Amino acid sequence: MRGYKCTDLENTFKLFIIAFIAMIMLGISSCKNVSDAQLKERKNICFVSSFTDNHIWSSRLYDAFKSTLDTSKYDVQITNVYLDSKRIVDPEARRSILNYHLRSEGKNIELVVGMDLEATELLIVNPDSLIQQYPVVCVATLGDSMKIRHEHCVFINSVMQIDETFVVARKFLPNAVNAYIVSDSTDTGVLYKEEARRQLEIYENYYNIDYSINAKNDSDLLAKLNKINSENSFIILCTWQRGTDGVYYLPEKLYPRIATESGTPVFTIVDNMASDGFIGGYMERASVNGEALAKQVVAVFDGEKPSGQVKPLVASPVFNTDAMRSHNIHTDLIPGDSLTQNSLQDFVEINRNLILTLLIIIVVAIIVIVLLFKMSRRYKNLYRKSYKLAIKNRNLEVDSELLLFSLNQLNAYTWVVNLDTRGLHYIDSNSELRGIKNLQESIDDFIKRVHSEDLESFNDKFEMCVNGQSKNFKCVYRLNRSIKTDDYQWWETRGMVSERYDSSGNRYRALSGISYNVHGYKSKEQQLAQAVINTERSEQCKCDFFANMSHEIRTPLNVVVGFSELMTEARTELEREEYGDLIKTNSKLLLDLIDDILDLSKIESGMMKFDITTFDFVALYNEVYNSFVKISNKNVKIIRNDNEEHCMVVFDRRRLLQVLNNFMSNAIKYTDHGEITMSWSISDGGIKISVKDTGIGISDENKSKVFSQYQRFDSIAKGTGLGLSISKAIVEKHNGKIGFESDYGKGSTFWTWLPILRREVRAELPVSYKKEQELEKLCSLISGLNILVADDIDSNYRLIEAVFSNCTVEQAPDGVEAVIKARMNKYDLIIMDIRMPVLDGLEATRQIRRFDVTTPIVILTAHAFEAYREEAQKVGANDYITKPIDRRALLSIIKRLVQKG
């Protein structure tokens, strides 16, 4: 037993000596590294990866980047940002991740470095103002349409060589006639597929190139690849890491399955898992990209100015000889400048030094592990306790970071008040939320910034906590950012009384808690309350309006119905005439009322239409005057002021008459005695019309409601209260102006200005005669044309045939026959309906334009949406007209197109 103990001590001593020597060597090495680091110049960069830290391409590139920087003369501190673009597909969400880190570390960052498409797009293709504050170095593959919009950047373009990979695949597999380009629907995948189409376009006439393999998931992808004929086909895998179901698949697990289970030779352009069964190709290599990126970063630190430079990085030919042998491909076909990935023997030969280093590390690791195992038995309990404590501390740090992050997101902060000294201490760094630079202040200074209306409530609740009457504090109040300003915002504060310890270990009573900004909620609450009040007022106005409307309808309707019955019993012709006049007058009142209601409906739905014509305004003006002179009472005199006998204008005559009638009706309704003056004049290229009365006028409190719907200021006066609001809608629809001036108790003046054209008076032909002359002239200009009408409805064709009765008209019942006839015959004009069987009009027009670009084509359809007009122009149509057919408009279009041709 004594010998056994001695042997055990000897072995332990030997292990201790070996470990001691190893630690001395490691210490010397560490001292040297520390010394070298102290001599190096410190630089801070932000490294932005499109993927995650455990993504195979991302980790390889970063390792090469980091190891290259470690050999430079700079001590580079790296802040890593991972966008996880395979899962986070929204570019704005990725931008938020990047901007969050830039704001957090922005003061220390001297350079931003980006890898791959998604990061490069955020940094130099679509940078925002925050990103443009930093110089940028990126390595990625971009499409031809992407433009660099960052002035201070260096872009290393990792050139894709899909065409070179295609050529070498044809060389390896001379019997192959089918090529399948496989890429997913991620941003990178779409870019690869677009670039493949561009590069392989010249081969599409000689080989069958399929870009359409899309898969929902990995099983769906493998199933589709298994259906490929492996005897005469090959696959070029660009990237496939996410299916159309949105699930992300690890390339290190999926790619070996693609290479081995598909049975078809698989080439690739990216070195992700290229050694696991892929034949190879001209690849973008993560290690090469990382080294190039690091060298460019060093160049910028050495003084090279990033000014939108672009530096190409050509892909490397890499091939797996084992995979080539499995598909009976001779390795002699490999290009001379290629790298090979094959058997274990080749791997050992290439990585001899690395393997030797690993063996040494393993031996040293075994020694250290044995020593630690010996020591761990003695200190096992202590180790377990320290480990648990470390875990708790780490969890506490994570929880603290999460709490601070949550506070930032909630626009909140935490605080502690010493109830003995009344000192206030802010725990977090959100002091800018309150406009405070010093995180220490007195609670009394804080209370000075509380709004005077909330001060009593705040003080009462706080003093209850101080006096021990309450252990909880809750208050909603307005707080000023600074005593010198007047910028109050709503805050809610909650806290509790507890015992705490200061830095010296002294115990004190404290009120601690959280405050968060509720200004937005309070503002919305006030807006909602006001909206409820406005809605209630609006509903009351509508109720009053409908009650009044019922009265206004029933009053004339009562006269019409009553005197219609009495007319049959009238004993004399004079009675019948009197009853008839009453029925006629009240029928007109009822019709005007219904017209106002319909106009209101059209205004609210945006469907009010206008019939623009040329007419004599003076005649309309006189008509209004004469009609109201007859109905005014004897105590009111109606005066008109005008200075011209004729004035030709362009406007909707009925709507202008409606405006004048509303002005006059309103004046007569509220004028018991005095006079009403109508006047008009030419002003600023338009006509200004006004109606002035000596009636009751409008009070100041009602002036804002004059042109509002459903508003009546006098419950006794007749009418619905719609006239002026309808007039306002008519005037503003034509870019006019409308308004009024009123002196309560003395009268009002309502006026409008309309930008309608003034014309000289001349002998005018009747409109119908002029239209007939115009139609005859148009018909004569286009007589003798040879016209093709493409329409499957025979009645539509007959209508067009009747319109062009002096021309030769031929029908095509569908789009296919229209294309055939257009190719076989020469037409002066083609009228094309959109909706037809077999082939629609838009596609037929597109096909005709491939061999005939001169024959005018007019699209004729029942669709009146602007999108159809734009679509018709895109396919090559000359014009577009909707059904029902406006004969004059169609003839005018045909005349213009034929004359132009």
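Reader: Which helix gives the most residues to the positive patch?

Author: Good place to begin! This is a predicted model, and in it α13 gives the most to the positive patch, with four residues. Both α12 (352–378) and α13 (380–410) supply at least two residues each.

Reader: Which residues gather in that patch of positive charge?

Author: On the surface you will find K374, R377, K380, R384, K388 and K392 gathered together.

Reader: Is R377 buried or exposed?

Author: The general idea is to compare the relative accessible area with a cut-off: over 50% is exposed, and under 20% is buried. R377 has a relative accessible area of 64%, so it is exposed.

Reader: And what do I call a residue that falls in between, such as T340?

Author: T340 counts as partly exposed, because its relative accessibility is 34%. You can find T340 in strand β13, which covers residues 339–340.

Reader: Let's turn to aromatic rings. How many aromatic pairs are there?

Author: Rings pair if their centres lie within 6.5 Å, and by this rule the count comes to 22 aromatic pairs. Take F458 and Y477 as an example: their ring centres are 5.0 Å apart and their planes are at 75 degrees. Planes over 60 degrees apart count as edge-to-face, so F458 and Y477 make an edge-to-face pair.

Reader: Where in the chain do F458 and Y477 lie?

Author: F458 belongs to helix α15 (residues 452–466), while Y477 belongs to strand β17 (residues 472–480). The two are 19 residues apart, and their pair links distant parts of the chain.

Reader: Are those two residues buried or exposed?

Author: F458 is buried, because its relative accessible area is 4%. Y477 also counts as buried, at 0% relative accessibility.

Reader: Which residues form an aromatic cluster?

Author: One cluster is formed by F166, F172, Y203, Y207, F234, F267 and F319. Selecting those rings together will let you see the group.

Conventions. Residues are numbered from 1 along each chain as its sequence is written. This is a predicted model: local features need pLDDT of at least 70, side-chain atom pairs count only at pLDDT 80 or more; totals for chains, interfaces and linings use all residues. Side-chain values use heavy atoms; hydrogens and water are left out. Buried means under 20% relative accessible area, exposed over 50%, partly exposed in between (1.4 Å probe, protein chains only). Patches are made of residues with over 30% relative accessible area and no salt bridge: like charges are joined within 9 Å, nonpolar side chains (Val, Leu, Ile, Met, Phe, Trp, Tyr) within 5 Å. Accessible areas come from the Shrake-Rupley method with a 1.4 Å probe; for residues, only the protein chains shown count as cover. A salt bridge is a side-chain nitrogen of Lys or Arg within 4 Å of a carboxyl oxygen of Asp or Glu. Lys and Arg count as positive and Asp and Glu as negative; His and the chain ends are not counted. The place of a charge is taken as NZ of Lys, CZ of Arg, CG of Asp or CD of Glu. Rings of Phe, Tyr and Trp (its six-membered ring) pair if their centres lie within 6.5 Å; planes under 30 degrees apart count as stacked, over 60 as edge-to-face and the rest as tilted.
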